[in-house]
Amino acid sequence: MGQTSHLDIEHLKGWIGREETGTEEVTAALVRRFRATFDETPGDPLPGDVAPRFIHLCLAQPAEPMHALGTDGHPARGGFLPPVPLPRRMWAGGSLTFTGDLRVGDTVRRVSRVDDLSVKEGRTGTLCFVTVRHEIEAEGRAILTEIQDIVYRGLDTAGPAKTTAPAEADHHRREVDPSPPLLFRYSALTFNGHRIHYDYPYVTQVEGYPGLVVHGPLQATLLYRFAAEILRAPPARFTFRALSPLFDHQPFFLNAQTTDNGALKLWSATAGGPVAMQANAVR
């Protein structure tokens with residue numbers, strides 16, 4: 001029997017409609033660190049230069065004091081996000097629609113709102129989904145709308161259902177080494193204290209994973225940048241869904257294939273492994 005009956009769903013739904021606002025400047029130093037993390041030459045960004053897409057995930061993030069963190073390293077539940085009493089918290093997927101670009105020197109304003117909450121019984125037990133909408137603007141310009149789906153689940157050992165990685169011969173492919181330094185740098189860039197990305201004893205002994213977990217937002221950023229390179233223009237719309245985790249102990253591959261309408265189908269996966277994240281990009 002699942003744990004749905006143990007969740008006070010009506011209480012948790014009381015978080016729907018909550019808002020959180022943050023502001024931060026897009027600095028040249030942040031752009032350099034972002035570029036370096038994604039193995040680009042950092043360069044010398046100047047005021048007014050276009051900042052890389054997905055750098056918004058590094059801006060205006062919650063800065064809770066240490067005593068306000070939960071045991072997993074995230075801000076304790078029950079503030080902006082509901083206090084879902086399930087131990088694992090992960091990105092399940094999302095969508096982004098870009099209407100502009102951030103520039104060095106911009107002051108970014110992020111307005112986040114809890115849009116929905118639902119509880120389902122899955123193959124691995126109870127799943128609680130929370131949908132958050134982020135509106136990003138800068139200097140009065142609308143930049144992007146992001147819909148973020150967060151999933152809470154138990155410490156099961158079965159894991160999510162596996163979707164076999166496509167075996168098409170005619171597609172773009174690039175190898176990525178998810179090394180601990182890369183995971184650490186991305187956690188630092190996004191001020192993400194979630195211990196599954198850097199604390200090996202915690203992730204293996206408490207949450208039961210076989211290694212450090214590759215961030216969902218990191219995978220999404222890599223897939224988006226891969227799509228922009230193939231399309232020779234940054235996609236205006238990008239959707240993604242996480243299907244299974246990736247870990248630091250083996251390389252994985254970014255894959256992309258053009259669809260009939262000129263969009264891109266993308267996915268990440270280890271060699272011979274299941275799809276970790278699937279995505280679609282449209283110019």
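Biologist: Which residues of H3 meet H5 here?

Modeller: Meeting just means contact, with heavy atoms within 4.5 Å. In this case, Leu182, Leu183 and Tyr186 of H3 touch Pro217, Leu218 and Thr221 of H5. Helices are DSSP runs of H or I, at least four residues, numbered from the N terminus. Mind that this is a predicted model, where local features need pLDDT of at least 70, side-chain atom pairs count only at pLDDT 80 or more, and totals for chains, interfaces and linings use all residues. Residues are numbered from 1 along each chain as its sequence is written, and side-chain values use heavy atoms, leaving out hydrogens and water.

Biologist: At what angle do the axes of H3 and H5 cross?

Modeller: Axes are lines fitted to C-alpha atoms over the stretch in contact, with angles from 0 to 180 degrees between N-to-C directions. Those of H3 (residues 180-189) and H5 come within 10 Å and cross at roughly 100°. H3 and H5 are therefore roughly perpendicular (65 to 115 degrees).

Biologist: Which residues have the most contacts inside the largest nonpolar core?

Modeller: In soluble globular proteins, nonpolar side chains tend to be buried together. A core joins buried (under 20% relative accessible area, 1.4 Å probe, protein chains only) Ala, Val, Leu, Ile, Met, Phe, Trp, Tyr and Cys through side-chain atoms within 4.5 Å. Here the largest has 54 residues, and Phe54, Ile55, Leu102, Leu218, Phe238, Phe240 and Leu266 have the most contacts inside it. Helix H5 (residues 216-231) gives the most to this core, eight residues. Apart from it lies another core of 13 residues, including Leu7 and Val132.

Biologist: And what does Phe54 touch?

Modeller: Beyond neighbours within four places in sequence, Phe54 contacts Phe34, Leu96, Phe98, Ala220, Thr221, Tyr224 and Phe238.

Definitions and conventions:
Buried means under 20% relative accessible area, exposed over 50%, partly exposed in between (1.4 Å probe, protein chains only). Helices (H or I, at least four residues) and strands (E, at least two) are DSSP runs, numbered from the N terminus. Angles under 35 degrees count as roughly parallel, over 145 as roughly antiparallel, 65 to 115 as roughly perpendicular and the rest as oblique.
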